[in-house]
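Biologist: Could you take a close look at the aromatic pairs for me, and walk me through them one by one?

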Amino acid sequence: LKPPFVLSLQEVWISEAIHSFRLWAERRGYNTVVNSPEEDGLLIITSEPVIGENFRQFDSNEWRKKKGVLIAKINWLNQPIIVFNSHTSWSGKESVDPVHASQLSQLVGIMNSFSSEAAIMAVDLNSGPDVHLRGQRYDPIQKIWRDLFLNQLSPHWIWSGRDIRQPTWDQ
């Protein structure tokens, strides 16, 4: 990896894996922000200084995972930037799952509370362009990605995705 960078990982559910990533980063002089595997194994690795971190757990969860949003404030080239890392539940074939909908709504609320700050969202929302792979009997792009997420974000947020399969966000 070539600095400056931010690497956002989800589903690092094994403590030894978290330890290995942290050791790898430490040996290279990089910084990490991590929560526990029980909190959905979220990990941020960056070449830049971390000046703050927080984990906000969602009210609705499943499978004994404590899903939420890992938030890091990073000094990116002498400018503070917020990094959101999250991994939400998913919706099944018949309809949008209430837990998934609740988590997306809570994530939108958290992100909108930071709308005056520069930020990066690097997350696994289990929604978006490739979600058709689950065989939903409804349009998941419209029902989940657009209705429950994109359309609820503050107008301050701008989608800068040039490749629809790998969207990125800028302000």
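Modeller: Happy to! Buried here means under 20% relative accessible area, exposed over 50%, and partly exposed in between, with a 1.4 Å probe and protein chains only. By that cut-off Phe114 is buried, with a relative accessible area of 12%, and Phe84 is buried too, at 0%. Please keep in mind that this is a predicted model, where local features need pLDDT of at least 70, side-chain atom pairs count only at pLDDT 80 or more, and totals for chains, interfaces and linings use all residues. Residues are numbered from 1 along each chain as its sequence is written, and side-chain values use heavy atoms, with hydrogens and water left out.

Now to the rings. Those of Phe, Tyr and Trp (its six-membered ring) pair if their centres lie within 6.5 Å; planes under 30 degrees apart count as stacked, over 60 as edge-to-face and the rest as tilted. The structure holds 3 aromatic pairs. One of them joins Phe5 and Tyr30 edge-to-face, with 4.8 Å centre to centre and 90° between the planes. This pair links distant parts of the chain, 25 residues apart: Phe5 sits in the segment before β1 (6-9), and Tyr30 in the loop between α1 (15-27) and β2 (31-34). Helices (H or I, at least four residues) and strands (E, at least two) are DSSP runs, numbered from the N terminus. Phe5 counts as buried because its relative accessibility is 8%, and Tyr30 does so at 16%. Phe84 and Phe114 form another edge-to-face pair, 5.5 Å centre to centre with 75° between the planes. Phe84 lies in strand β6 (residues 79-86), and Phe114 in the loop between α2 (98-113) and β7 (119-121), 30 residues apart. Finally, Phe5, Trp24 and Tyr30 form one aromatic cluster.
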